[in-house]
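The sequence and structure come before the details.

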Amino acid sequence: MTAIDVRERDPYHLGHRGHGHAPGHGDGGPAPIRIVVGYGFWIFLLSDIVMFSAFFAAYAVLAGKTAGGPSGAELFDLRNVAIETAALLLSSFTCGLASLAVTARRSSWFYVAMALTFVLGASFILLELREFAHMIARDAGPTRSAFLSAFFTLVGCHGLHVTAGLLWLLTMMAQIFAKGFRDDILRRFMCFSLFWHALDIIWVALFTVVYLLGASR
Amino acid sequence: MLGKLSWDVIPFDQPLPMIASAVVALAILGVLAWVFLAGHFPYLWREWITSVDHKRIGVMYTLLALLMLLRGFSDAVMMRSQQALAFQAPGYLPPDHFNQVFSAHGTIMIFFGAMPFVIGLMNLVVPLQLGVRDVAFPTLNSVSFWLTATGALLVNISLVIGEFARTGWLPYPPLSETAYSPGVGVDYYLWAVQIAGVGTLLTGINFVTTILKMRAPGMSYLSMSMFCWTSLAASLLIVAAFPILTATLAMLTLDRYFGFHFFTNEAGGNMLMFVNLIWAWGHPEVYILVLPAFGIFSEVISTFSSKPLFGYRSMVAATLFICIVSFMVWLHHFFTMGAGADVNAAFGIATSIIAVGTGVKIYNWMFTMYGGRIRFATPMLWSLGFMVTFVIGGMTGVLLAVPPADFLLHNSLFLVAHFHNVIIGGVLFGAFAGYTYWFPKAFGFRLHEGWGKLAFWLTLIGFYATFVPLYTVGLLGMTRRMQHFDVPAWYPWVLVAGAGMLITTAGVVAQIIQLVVSIRQRAALRDVTGDPWDGRSLEWATPSPPPVFNFAALPHVEGEEPYWSIKQRAREQNRLRDEPEYEPIEMPRNSPTGFICAFFATVMGFALIWHIWWMVALGALGAFATFVVFAWRDIPEYVIPAAEVARIDRANRSARREALATYTGPRP
């Protein structure tokens with residue numbers, strides 16, 4: 001079967017061609033590249049979530065081990081965390097807008113939405129850094145207790161992911177600027193938006209397990 | 001400026017590592033000089049270093065594995081000879097050095113010997129067996145390989161610059177914390193394994209995607225070859241387990257570099273958490289290694305018994321059963337650490353249950369051979385040796401799975417003998433079976449049978465002579481990792497194990513001679529048709545070595561043994577399939593991304609080990625720039641014209657037509 005055949009029978013590249021048969025599921029040969037790239041990236045995201053789960057597990061084990069130092073209830077400022085959360089969730093929304101702009105091939109809207117996403121993501125990082133700085137200033141840095149080691153690692157690892165995402169976001173904007181809405185660039189953008197939304201999912205877990213449970217402890 | 005680095009870190013006062021590394025350095029320089037002076041570098045750069053072809057990457061993985069197996073083996077020789085000499089005597093390796101040797105031995109054998117060997121064979125064979133042209137992400141594949149090579153390089157650099165860990169192959173805290181291991185040894189371990197681990201994780205992602213999303217038309221899950229199934233299971237385990245390793249090593253790194261308290265003795269740290277986390281990766285890792293080996297045995301036993309694999313579906317079920325249960329047994333590595341009788345009992349039972357999956361496989365292999373026309377070629381010998389050896393190793397494993405018995409045998413040489421029994425008898429025998437079986441596919445000529453059989457028998461006998469005494473001496477109470485000992489009852493057994501090592505060494509030498517002799521006699525050993533063993537799966541449908549695009553036209557698959565049915569039809573009708581309509585083929589272009597990326601990873605890893613922070617930043621920047629440059633490429637593929645495809649395929653067809661005309665075996 002030629003590539004054109006697949007495109008006609010499968011206009012949305014969902015991989016399904018009726019009768020329950022899908023390329024890559026045995027009947028039609030290798031799946032189209034967009035499916036392969038998206039699938040591979042999902043697998044990567046799953047592995048990333050497994051890594052986070054190891055940090056979550058470590059945090060759960062060490063959450064009560066304050067070694068005479070401050071506990072979460074004394075340290076966490078839920079107002080600050082609420083603003084962080086709002087910024088990150090909103091950035092997912094603007095990232096969604098960027099996806100719509102890509103689908104509509106509207107580059108000006110794309111840049112606006114991506115710039116907004118960047119600003120929101122960057123403010124999230126700044127708020128997080130401010131929180132870290134406050135804690136370190138009052139002798140509640142990561143070396144103070146096992147609880148704080150686990151806290152800084154888990155939250156910091158998410159922060160590093162967001163920072164890497166911001167770097168990727170800028171690169172993505174430059175790519176669309178330089179190359180336009182080319183197929184390979186679109187696939188890359190799809191991966192970027194998957195990545196950005198996945199960071200939200202991890203933040204929701206983090207917000208609940210670390211901050212909400214921690215503030216009540 | 002250079003962090004902790006100075007001239008003092010080079011062990012000028014220790015002759016052994018200095019001489020060893022001088023010899024290695026001279027050999028490397030010699031090879032490099034020859035490559036450049038003889039003008040081979042452009043060829044190497046074009047055809048190998050920048051290659052994104054899964055077959056080339058597979059060969060490079062295997063080559064890396066063979067070199068590292070030799071390095072790890074020399075460590076083993078040193079340990080056995082040290083113990084043979086160290087009865088009521090200091091021997092020739094001081095404790096400090098001996099501890100580095102056993103740590104390096106385990107690290108190198110698992111991460112840089114066994115893993116690259118298994119992944120190399122997966123790379124070479126899986127896309128061919130799936131009937132496709134490459135893996136899902138060819139350039140990522142090259143990145144994976146070069147990151148693994150970076151890890152291997154860092155471990156070997158530690159021989160000359162600084163030191164290696166003295167903690168054993170898994171750096172248990174608190175010993176591995178800064179307070180007790182202030183040197184760079186553990187840091188070498190951490191960064192080498194971390195970087196190679198990223199490479200392995202990317203391989204896992206690549207192969208899960210390849211196997212699930214890229215198969216020849218008509219190939220359903222239940223018509224994939226057994227090796228593809230076990231590779232899929234191993235890749236799934238990589239995706240699920242390696243991130244745990246990454247996180248665990250990151251935590252230890254933070255403890256060591258920034259004074260965090262994950263695993264320390266004070267401030268609430270929990271060192272048992274390290275042991276739990278590392279084995280939550282470590283036990284699946286065992287199956288990441290051995291499942292592909294099971295796949296190799298399935299291919300080899302079926303081919304050389306001239307029969308389809310017995311109980312294919314039960315084999316698939318057993319593979320997936322092992323895949324899942326391998327995550328439920330990790331605690332048996334530390335029964336003695338006080339989890340309590342109930343927990344120990346649960347994990348002991350789970351451990352005994354996982355043996356059922358392997359038992360199913362052993363019976364399936366035996367029934368595959370039953371009634372078959374068995375050819376005792378070298379790959380088949382390795383498989384038979386495996387079946388006997390692995391059953392013994394499995395039974396001592398079930399013995400260790402009984403917690404009360406484990407309390408006696410824990411940390412003894414009985415345990416060491418057990419896991420060598422399953423890793424050598426399972427993984428290594430499998431890798432050697434695959435190596436001899438697929439060598440003609442990779443290079444176009446077979447390996448010499450006589451030397452191969454000699455290597456097999458020497459290795460098998462050497463293995464038993466080395467490890468049966470270690471079982472015994474373990475039961476007599478000798479613990480592992482002893483630099484010297486003074487119990488007279490152990491001495492004769494330790495001597496026998498040392499002698500066994502000599503036989504194994506002869507096996508290694510035979511294996512090297514086999515390669516040299518085969519290369520010299522390659523004209524006589526030539527595989528003309530691409531199907532030297534009367535194979536049954538799709539890799540044998542291609543010429544040896546296969547062209548870069550593997551298949552002139554993607555095969556249409558019906559049933560479980562796609563190539564066998566094609567071949568049988570040809571034998572029945574006494575003619576080949578009709579010539580396909582040749583079309584131009586698009587293939588991914590070569591890319592130096594993997595190599596350059598690994599170069600920066602090496603710089604970064606080395607700088608992190610020695611606390612040279614500006615160099616870390618430079619390495620990170622370089623790696624990012626490499627990715628951006630790669631992302632900016634405009635032409636990712638090149639086209640092979642239809643005429644070229646036709647020329648290559650017709651040459652192979654005519655060879656196959658000739659073979660068919662002179663075929664005298666049974667016809668359906």
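Which side chains meet in a salt bridge at 2.8 Å, N to O? They are those of A:Lys179 and B:Asp634, where a salt bridge is a side-chain nitrogen of Lys or Arg within 4 Å of a carboxyl oxygen of Asp or Glu.

## Basis of the model

This is a predicted model, in which local features need pLDDT of at least 70 and side-chain atom pairs count only at pLDDT 80 or more, while totals for chains, interfaces and linings use all residues. Residues are numbered from 1 along each chain as its sequence is written, chains are lettered from A and ligands numbered from 1 in the order in which they are written, and side-chain values use heavy atoms, with hydrogens and water left out.

## The interface

Across the interface of chain B and chain A there are two salt bridges. Ten residue pairs, both at pLDDT 80 or more, are in polar contact between the chains. A polar contact is a pair of N or O atoms within 3.5 Å; within protein, one must be able to donate a hydrogen and the other to accept it, and residues adjacent in sequence count only if both atoms are side-chain atoms.

On the side of chain B that touches chain A, α6 (185-213), α7 (226-258), α8 (271-304) and α18 (613-631) each supply at least two residues. The largest share, ten residues, comes from α7(B). Helices here are DSSP runs (H or I, at least four residues), numbered from the N terminus. By class, this side of chain B has 31 nonpolar, nine polar and four charged residues. Ala, Val, Leu, Ile, Met, Phe, Trp, Tyr, Cys and Pro count as nonpolar, Asp, Glu, Lys and Arg as charged, and the others, Gly among them, as polar.

In total, 44 residues from chain B and 42 residues from chain A take part in the contact (heavy atoms within 4.5 Å). The two chains bury about 3400 Å² between them, 71% of it on carbon and sulfur atoms; this is the accessible area (1.4 Å probe) lost on being put together, summed over both.

Most residues other than glycine have a negative phi, and most peptide bonds are trans. The bond from B:Pro173 to B:Pro174 is cis, with omega near 0°, and B:Pro174 lies in the loop between α5 (138-157) and α6 of chain B. Also cis is the bond from B:Ser544 to B:Pro545, with omega near -15°; B:Pro545 is in the loop between α15 (491-520) and α16 (562-573) of chain B.

B:Asn411 has a positive phi, near 65°. This residue sits in the loop between α12 (403-409) and α13 (413-443) of chain B.
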